[in-house]
Amino acid sequence: MSTFGDASKGAKMDFAKDKSYGDYLGLDKILTVENPLDMAHDGLLFIIQHQTSELWMKLAIHELSTARQYIQKGDLQPAFKMLSRVARIFEQLNSAWDVLRTMTPSEYTAFRPHLGASSGFQSYQYRLIEYLLGNRNRALTKLHAHTPAPHQALVDEIAQQSLYQAAIDLLCDRMGVETLSGVPGTTAWEAKHEVQALWQKVYEAPSEHWELYELAEKLVDLEDYFRRWRFNHVTTVERIIGFKRGTGGTSGVAYLRKMLEVELFPELWHVRGAL
Ligand code: HEM
Ligand SMILES: N[C@@H](CC(=O)c1ccccc1NC=O)C(=O)O
């Protein structure tokens, strides 16, 4: 018998009656999704790149919504762990661009016409992450009017305070001032001087406000990774389609460059200049 045969001796071989690896992971479903871009060699790369991104986004949403609950309860240690995990997920998504970047304009052009008007602009999970963190633009929920469940998830999300508003509530509470987080917003969070002044107190005396200090840095870390994702996206897009309009109908690279200016947690960036 071969060495390999000896080493695997005792392994369970019959799964007719027991749950197996593929059953737990639902592989029959995820590995048999029809690939409508099969006519081009790089269609599979394109589809898998997006499908894996959406899976990681699903986990990010799961972690971020639970982290928000812990912040609301004032129980920060579990929230920190989840926020660190989300930063790592973004790191994973950031590295994934290196695979997609191997696709040239010639290869992409072979199947781009088949994408029609579809675009990442219509990723509801991406929008949900933006909404959760506080970058809200209610008008974009309309993109999902034709799919009730994603539409409802987005509508429900903007009825809640964002993760950043939860952090501001906690900041105010621990610093002994009236809350400054306002009502759940349907537009992007706008920087408030009073909030920046509180973060400034935290950064000026970290040892007195250690948990808030750590929370602030976890948030900055998360936004830092998010910004790198946006930058990798726009650079990959320019490399592949130049300045063509997007299939989703936006100006393309010009729109994505504008998005590089988004500040999810503005006071945490502005406070740095005041220290
Ligand atoms: C060949 C690769 C890609 C190209 C050429 C591309 C192109 C674009 C363009 C032009 C837009 C602007 C909206 C539009 O008018 O279509 C956009 C938006 C978007 N794309 Fe991509 N993209 C690519 C890969 C990806 C990947 C791998 C993801 C990961 C899920 C992604 C996610 C998104 C998201 C979430 C938006 C909306 C961004 C926002 O509204 O801030 N894209 N993309
Ligand atoms: N907006 C892209 C198309 C695109 O990238 C796309 C199309 C369908 C599914 C996902 C996509 N990815 C990200 O926007 C383009 O203009 O070429």
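This is a predicted model: local features need pLDDT of at least 70, side-chain atom pairs count only at pLDDT 80 or more; totals for chains, interfaces and linings use all residues.
The shell around ligand 1 comprises 24 residues, of which Ser119, Gly120, Gly246, Gly248 and Thr250 come nearest to the ligand. Helix H4 (43–73), helix H11 and helix H12 (253–259) each supply at least two residues of this shell, and H11 gives the most, with five residues. By class, the residues around ligand 1 divide into 10 nonpolar and 14 polar, with no charged residue in the shell.

Ligand 2 is surrounded by His50, Arg112, Leu115, Ser118, Ser119, Gly120, Ile241, Gly246, Thr247 and Gly248. Two nonpolar, seven polar and one charged residues make up the shell of ligand 2. Ser119, Gly120, Gly246 and Gly248, which are listed among the residues around ligand 2, are also among those that come nearest to ligand 1.

Helix H11, which spans residues 210–241, contains His233, a residue that an unreviewed UniProt entry lists under "binding site". His233 has 18 C-beta neighbours inside 10 Å and therefore counts as partly exposed, since a residue is classed as buried only if 20 or more other C-beta atoms lie within that distance.

H11 also packs with helix H5 (residues 76–100), the angle between the two being about 15° and their axes lying 9 Å apart. Because angles under 35 degrees count as roughly parallel, H5 and H11 are described as roughly parallel to each other, and H5 passes H11 in a left-handed crossing.

Terms used
Residues are numbered from 1 along each chain as its sequence is written. Chains are lettered from A and ligands numbered from 1 in the order in which they are written. A residue is near a molecule or strand if its C-beta atom, placed from the backbone, lies within 6 Å of it. Ala, Val, Leu, Ile, Met, Phe, Trp, Tyr, Cys and Pro count as nonpolar, Asp, Glu, Lys and Arg as charged, and the others, Gly among them, as polar. UniProt positions are given in the numbering used here, feature names are shortened, and annotations may be inferred rather than shown by experiment. Helices (H or I, at least four residues) and strands (E, at least two) are DSSP runs, numbered from the N terminus. A residue is buried if 20 or more other C-beta atoms lie within 10 Å of its own, exposed if 12 or fewer, and partly exposed in between; C-beta atoms are placed from the backbone. Axes are lines fitted to C-alpha atoms, for helices over the stretch in contact, and angles run from 0 to 180 degrees between N-to-C directions. Angles under 35 degrees count as roughly parallel, over 145 as roughly antiparallel, 65 to 115 as roughly perpendicular and the rest as oblique. A crossing is left-handed if the near helix is turned anticlockwise from the far one by less than a right angle, and right-handed if clockwise.
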